[in-house]
Protein chains: 2
Amino acid sequence: MASNLLAKNKHTILYAVALALLLFLLKWLELKLIIVDNAYEIYMGAIAVFFTVLGIWLALKLTKPKTVVVEKQVYVNNGPKFIINQTEVEKLGLSKRELDVLQLMAEGLSNQEISERLFVSLNTIKTHSAKVFEKMEVKRRTQAVEMGKRLSIIP
Amino acid sequence: MASNLLAKNKHTILYAVALALLLFLLKWLELKLIIVDNAYEIYMGAIAVFFTVLGIWLALKLTKPKTVVVEKQVYVNNGPKFIINQTEVEKLGLSKRELDVLQLMAEGLSNQEISERLFVSLNTIKTHSAKVFEKMEVKRRTQAVEMGKRLSIIP
DNA sequence: TTCGGGCTCATACTTTAGGGTGATTTTGGA
DNA sequence: TCCAAAATCACCCTAAAGTATGAGCCCGAA
């Protein structure tokens, strides 16, 4: 505990001790030079310069380390907010039902599963999907899904 | 040109002038206090403290402007940069080739087209895709693609 | 009311996808 | 060097997807 405190404030303590020593030195110099009493100006100048330098040194040492420039890229994951691109839907001429089918396709459902989900027959789904492919000018459901995502027609 | 130089170094010049003034003050104080010649210690201490503070102040002022923390909030809206989730790939145990196939699947290619793209036979692609489905625990390519996108395995 | 588009469903057929099995060759690492 | 995993390919069979065509129903606009 005590050693911990010592360690943490060791810089401050070091500076305090150094300052005390310097004050002693100053006193000694004063006593020494008091004899040569005509050296006032030099003495004063030396003191001034010395303590100025000391101040600068102290400030530089005790100042917090320079803040480093951190360019942090916070990439927001765009959240779950999906806004369907109605314009594209109309441009393609997709009907509501066709959009439903496309959506379920994108979730990886088979035609059979889609038909069950929508309470219609498998054949109906086939018809819808065929129309979707035709309107989107694609050949496969995977392509339709890919294009649908690119056009923001589906999440 | 000359005014430019003046402007650029105006701080330095200002400090120099201030320092000169202070030296004059010092001289004046010296002359004044020389009479009261028993005030040496106080005088010295004052000088020391004053110049220390001056030094600290100088250091703080002259120090390069603290590097400003540029908090760059670049929120990438779904940016075009895709970083593959290697962790998930390893978790699933997908091999390089399997990943290739999955990627091309996601682009909407048929097995035939994928085989042509990768210069292998259709059967090979079938084998790869079967392994992909098995490892991803899905039944169809559309599901594999959907899951792949969710896990950031594919763009 | 007529007409067209959307939705539904069906039948028949072709193509593609996927499952299962087995085999050979490459290759990266112990 | 030797092994395990990866990669390659083949065959057979079933399931699902996709194509083509036709038809009935409903609703809203002309």
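1. A polar contact is a pair of N or O atoms within 3.5 Å; within protein, one atom must be able to donate a hydrogen and the other to accept it, and residues adjacent in sequence count only if both atoms are side-chain atoms. B:R97 shows one to the DNA: a polar atom of its side chain sits 3.0 Å from a phosphate oxygen of DNA strand D.

2. Some ground rules. This is a predicted model, in which local features need pLDDT of at least 70 and side-chain atom pairs count only at pLDDT 80 or more, while totals for chains, interfaces and linings use all residues. Residues are numbered from 1 along each chain as its sequence is written, chains are lettered from A and ligands numbered from 1 in the order in which they are written, and side-chain values use heavy atoms, with hydrogens and water left out.

3. An N or O atom in the side chain of B:S95 is 2.2 Å from a phosphate oxygen of DNA strand D.

4. Now the wider surface. There are 17 residues around DNA strand D, and A:K126, A:R141, B:S95, B:S121 and B:H128 come nearest. A residue is near the strand if one of its heavy atoms lies within 4 Å of it.

5. Which helices each supply at least two residues of the surface near DNA strand D? They are α6 (111–118) and α7 (122–136) of chain A, and α5 (96–106) and α7 (122–136) of chain B. α7(B) gives the most, with four residues. Helices are DSSP runs (H or I, at least four residues), and strands likewise (E, at least two), numbered from the N terminus.

6. Chain A has eight helices and zero strands. Of its 155 residues, 33% count as buried, meaning under 20% relative accessible area (1.4 Å probe, protein chains only). Take contact as heavy atoms within 4.5 Å. Among chain A contacts with a separation of 6 or more, 58% join residues 24 or more positions apart.

Technical notes. Buried < 20%, exposed > 50% of the residue type's maximum accessible area, 1.4 Å probe, protein only.
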